[in-house]
Amino acid sequence: METIISTIDKNNIDESIILSAGQILKDGGLVAFPTETVYGLGANALDEEAAKKTYAAKGRPSDNPLIVHIAELKALEAIVAEVPDLTEKIAKRFWPGPLTMIFKKSQIVPYGTTGGLDTVAVRMPSDKIARELILAAGGYVSAPSANTSGRPSPTTAQHVKDDLDGKIEMILDGGSVEIGLESTILDMTVTPPMILRPGAITADMLEEEIGEVAVDQTLLDSSSTQRPKAPGMKYRHYAPDAKLTIVEGTLKEEILAIRQLAYEAYLQGRQVGIIATNESEQYYSHGIVKNIGTRENEKTIARNLYSVLRDFNEEDISEIYSESFAVQGIGNAIMNRLEKAAGHIRIKAAPIVEKQKYRRIVFVSQSDTSRGPVAAELLRNEKLKQEYVIESRGMVVLFPEPVNQKAEAIMKSGKLTLQNHVSKAFSEEELKDDTLVLTFEQNQKEKIVSEYNVTENVYSINEFLDDDTEIPNPYGQPLTAYGEFYEMMKALTKKLVDKLNSFTEGGK
Ligand code: TXA
Ligand code: MG
C-alpha cells in the first residue's frame with residue numbers, strides 16, 4: 001500500500017487533512033500521528049480488526065496491550081467499568097498530558113485492543129493534532145508508539161516513515177515531538193495507584209496531588225526475574241542495532257573509562273559510538289560522538305534519546321557506550337529507557353579507570369620547539385595499553401613559536417609532522433596528580449621541583465626510565481644532529497612505552 005504523508009502545522013491545522021485521516025480510522029485503517037510524547041500508530045480502539053492490523057504493522061506480540069487515546073474526559077465513562085475515586089483529581093491536574101491511567105475495562109473495549117486483559121489503558125494527549133484526530137475518528141483511538149516493535153520510539157515523522165512506510169495508510173507530519181519519551185503509566189486498579197512505566201509525570205508530581213503512589217518494583221531492579229506489570233515493559237526495547245553499554249561512575253570516571261574503551265577499539269582499527277552531553281563532548285578524541293543534550297536541562301536529553309539511538313544505526317559501529325544520568329525527575333524515565341535499550345548491560349567505570357594514575361604526559365624541554373614536541377609526537381604514534389593526553393611545554397617560552405624547521409624536516413623523513421605545533425610555557429597547571437612530567441635535563445627537573453615545591457610526578461627522562469643514555473641537544477647544530485637526536489628519541493620512546501604499559505599490566 002502507498003502511505004500518504006501529510007504535513008500539518010500545529011498552529012494552523014488544515015481541517016480537511018484531519019477529516020480524511022479521521023475517515024481512514026473510522027474505516028478500520030491506520031494513521032500515524034504526533035503526540036507530545038512520541039508518534040503514535042492510530043487505529044479505531046473499538047474495532048478488533050483494526051487492533052490486529054496494528055500488531056501486524058508493528059510486528060508486535062499481540063499480548064502487548066494498546067493505549068486508548070481520548071480527547072475529552074466525558075469519553076472515559078463508556079470504556080471503563082468503574083472510575084476510581086482519585087481519577088478526577090489526577091485527570092484535572094495531568095490531563096491532557098503525558099499520563100496514561102489503567103482501569104477495569106467495559107464491554108465495548110475489545111480484547112484485541114487490551115491484549116486479552118480485563119483492564120484498559122487510557123490517555124488524553126495534549127497535542128492539538130492528536131486531539132483533533134481523535135475527535136474526527138469518533139473519540140477512541142488506540143495508539144502504540146509508531147515504531148517497528150523493538151526499535152526506538154519515533155519522535156519525528158521521518159522515524160515513522162523509516163519503520164512503517166508502505167504498511168499503513170497515512171502519516172501526519174506535525175514536526176518533532178516535545179517530550180520524546182512515552183507517557184507515565186499509572187495503574188488505577190490497585191491501592192495506592194502504581195507506576196508501571198516512568199515518564200515525564202514523575203512519582204513526586206503524582207504524590208503531590210494524591211499522596212502515596214507505588215512503583216512497580218521490577219522497574220527499579222534490573223536483575224529482577226519477576227514480570228513487570230505492564231506487559232510491554234518485559235521486552236528488550238528501544239534498541240539500536242549496535243550493542244549498547246551503560247558506563248556507571250562519577251562523570252569523570254565515566255569519561256575516562258569511555259575514552260579508554262574508545263582508544264582500545266581505535267588501536268584495533270574500530271570505532272565505537274559514544275553518547276555524550278554538552279558537558280562531556282569535548283573530552284572524547286576517538287569514536288563517533290553524539291551529543292544527547294545538556295545535564296543542566298534533562299528534558300533535552302529525553303527529547304534527543306531516541307533519535308540519537310536511531311542515528312547510530314547509520315554508523316558503521318558494533319558497540320555504543322553511554323554515560324549515565326541522574327535517576328531523579330525525568331532522569332528516572334531516561335535511565336529506564338536507556339537500560340532497556342542496553343538490555344540492562346552496565347559496566348562500572350572505576351575498574352577500567354583505576355588501571356593507573358597517569359592520564360597525561362608532558363615533556364618539558366627548554367623552548368618547546370624541538371626536543372619536546374618531537375618526543376610527544378613520537379609517543380602519540382605508539383600503541384599504548386592506556387590512552388594518555390600527550391603534550392609538551394618549554395621552561396622558557398616568551399611568545400608562541402612554531403617548531404624548529406630542522407626538527408620538522410627530520411619528522412617528515414619519518415612520515416610525521418609537527419606543522420600545527422605552537423610552543424607553550426610550562427606552568428603550575430601541569431602539576432596535577434594525573435600528570436607525568438618528563439624533562440630532558442636533570443637540572444630542569446630540579447628547577448621545577450624547587451620552584452613549585454613538588455615531590456611527585458616530575459622526573460627527568462633518564463630517571464624515569466632508569467637509563468643513562470645522554471640525550472643530546474641538537475639546538476643550533478646541523479641537520480645531522482637533529483637526526484641523531486631523533487633516532488635516540490625513537491629508542492627511548494620504545495622504552496617509555498614498555499614502562500607505561502607495565503603500569504597497566506594485569507589490567508582489563
Ligand atoms: O506516550 C505514550 O504512551 C505513547 C503515545 C503514542 O501515546 N504510546 C505508547 O504506547 O507508548 P505503547 O503501546 O508503545 O506502550 C504501551 C504500554 C505497553 O508497555 C503496554 O504493555 C502497557 O502500555 N499497557 C497497555 N495497556 C495496559 C494494561 N491494561 N495493563 C498494563 N499495561 C498496559
Ligand atoms: Mg512502544
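Start with the largest cavity, which has a volume of about 40 Å³. A cavity here is a set of points, on a 1 Å grid over the protein atoms alone, where a 1.4 Å probe fits but cannot get out; points are joined across faces, edges and corners, and the volume is the space filled by probe spheres set on them. A search of the whole structure finds one cavity of 30 Å³ or more. Bear in mind that this is a predicted model, where local features need pLDDT of at least 70, side-chain atom pairs count only at pLDDT 80 or more, and totals for chains, interfaces and linings use all residues. Residues are numbered from 1 along each chain as its sequence is written, chains are lettered from A and ligands numbered from 1 in the order written, and side-chain values use heavy atoms, without hydrogens and water.

Select V374, A407, I410, M411, Y482, F485 and Y486 to show the lining of this cavity (lining residues have an atom within 4 Å of a point). The lining has seven nonpolar residues, no polar and no charged ones (Ala, Val, Leu, Ile, Met, Phe, Trp, Tyr, Cys and Pro count as nonpolar, Asp, Glu, Lys and Arg as charged, the others, Gly among them, as polar). Helices α15 (405-413) and α18 (479-504) each supply at least two of the lining residues; helices (H or I, at least four residues) and strands (E, at least two) are DSSP runs numbered from the N terminus.

Next, centre on ligand 1. Its shell holds 28 residues, the closest being T37, N64, H69, S183 and G232 (a shell residue has a heavy atom within 4 Å). Oxygen atoms of the ligand lie 2.8 Å from an N or O atom in the side chain of N64, 2.6 Å from a polar side-chain atom of H69 and 2.5 Å from an N or O atom in the side chain of S183. The protein covers 97% of the 680 Å² of accessible area that ligand 1 has on its own (Shrake-Rupley method, 1.4 Å probe). Colour the shell by class and you will find 15 nonpolar, eight polar and five charged residues. Strand β6 gives the largest share, three residues.

Now for the backbone. Most peptide bonds are trans. Select W95 and P96, joined by a cis bond with omega near -5°, then T191 and P192, also joined by a cis bond, with omega about -10°.

Finish at N453, a non-glycine residue with a positive phi of about 60°, in the loop between α16 (442-452) and β20 (458-460).

Key. On a 1 Å grid over the protein atoms alone, a cavity is a set of points where a 1.4 Å probe fits but cannot get out, and a pocket is an open set with protein on both sides within 12 Å along at least five of seven lines; lining residues have an atom within 4 Å of a point. A polar contact is a pair of N or O atoms within 3.5 Å; within protein, one must be able to donate a hydrogen and the other to accept it, and residues adjacent in sequence count only if both atoms are side-chain atoms.
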